[in-house]
Amino acid sequence: MSSTLAGPTSYLLEVKHSRFLVNAAPVEAPEDALQFIARVGDPAATHNCWAYRIGGEYRFNDDGEPAGTAGRPILAAIDGQGLDQVVAVVTRWFGGIKLGAGGLVRAYGGSAAECLRVAPRRELVVFAEVSLAYPFAETGPVHALIAQFDVEKLDERFDADGARLHVRLPADRVDALKARLRDATRDRVRFSEP
């Protein structure tokens, strides 16, 4: 199970009179990441370099720094901390001393990594949706068991054949729920993916 940030966070690093301010936050979609970048970037700063990772999607931008010296190291910091659904923006105000390519990589990647390392985190829970169909007589056992599995009821319907229940629960609990329901109802619950 992966994790993301618990909320927005920031970190300031000074390297040879240049200031590097990291702003990072949890995001759920690329559009959210781009909005965060636009909001925290400082137009008066020398550079606003950034990266985000959302599942298999990622992007990064060097914002005028030499290619590969800012955005990619920020993304490497996100990945190195084992985070997902995270955006990080490193804003640099030039201090008059050139850092060289290696110095830039260390400053951008290092400041982002330290910000993410000390930031509070929360686990990302992957959810699954399952539909259950069962005879009326099994309503009691079904409801008793789903209460034990942190299940969210999305829809419940009754018809001539019995009950239909559409639920959402953590994906890692689906198989255990299915097994317990089969045992409790003598295999009278039918499962389907919506």
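This is a predicted model: local features need pLDDT of at least 70, side-chain atom pairs count only at pLDDT 80 or more; totals for chains, interfaces and linings use all residues.
Residues are numbered from 1 along each chain as its sequence is written, and side-chain values use heavy atoms, with hydrogens and water left out.

Some terms before we go on. Helices (H or I, at least four residues) and strands (E, at least two) are DSSP runs, numbered from the N terminus. Two strands pair if DSSP finds at least two bridges between them.

Strand E3, residues 18-26, and strand E6, residues 86-93, run antiparallel and are joined by eight bridges. Both belong to an open sheet of five strands, in the order E2-E3-E6-E4-E5, with antiparallel pairing. Which strands stand at the edges? They are E2 (9-15) and E5 (57-61); each has a single partner strand, so one side of each is left without a neighbour in the sheet. From one strand to the next the twist averages 15°. Angles here run from 0 to 180 degrees between N-to-C directions, and axes are lines fitted to C-alpha atoms, for helices over the stretch in contact.

Now the E5 end of the sheet. E4 and E5 run antiparallel and are joined by five bridges, with Ala51 opposite Phe60 in E5. Their hairpin has two residues between the strands, and Gly55 there takes a positive phi near 60°. Helix H2, residues 71-80, lies across E4 (47-54), E5 and E6, at about 40° to E4. Contact means heavy atoms within 4.5 Å. Between H2 and E6 there is a loop that holds Gln85. Gln85 has a phi near 55°, a positive value in a residue other than glycine.

For accessibility, buried means under 20% relative accessible area, exposed over 50%, and partly exposed in between, with a 1.4 Å probe and protein chains only. Gln85 counts as partly exposed because its relative accessibility is 21%. Pro43, in the loop between helix H1 (30-40) and E4, counts as exposed because its value is 80%. The C-alpha atoms of Pro43 and Thr91 are separated by 9.5 Å, although the two residues are 48 apart along the chain.

What about disulfides? Taking a disulfide as a pair of cysteine sulfur atoms within 2.5 Å, the count comes to zero. For Cys49, the nearest cysteine sulfur is that of Cys115, 15 Å away. Cys49 is buried, with a relative accessible area of 0%, and Cys115 is buried too, at 1%.

The UniProt record, an unreviewed entry, places the annotation "domain: Impact N-terminal" on residues 16-116. Over that stretch the chain is 38% helix and 30% strand, with its end C-alpha atoms 22 Å apart. UniProt positions are given in the numbering used here, feature names are shortened, and annotations may be inferred rather than shown by experiment.

Next, strand E8 and its partners. E8 is mostly covered, with six of its eight residues buried. E8 pairs with E10 in the antiparallel sense over eight bridges, and Glu129 stands opposite Arg168 in E10. E8 also pairs with E11, again antiparallel, over three bridges. Ser131 has Ser192 in E11 as its bridge partner.

Last, helix H5, residues 174-184. Which of its residues are buried? Val174, Leu177, Lys178 and Leu181 are. Seen down the axis of H5, these buried residues fall within an arc of 100°, so they line one face of the helix; the arc is that of the directions from the helix axis to the C-beta atoms. What covers them includes strand E8 (127-134), helix H4 (139-148), strand E10 (162-170) and strand E11 (190-192). On the other side of H5, Asp175 and Asp183 are exposed.

Just after H5, Arg186 takes a positive phi of about 55°. Asp187, in the loop between H5 and E11, has a positive phi of about 60° although it is not a glycine. Asp187 counts as partly exposed because its relative accessibility is 38%.
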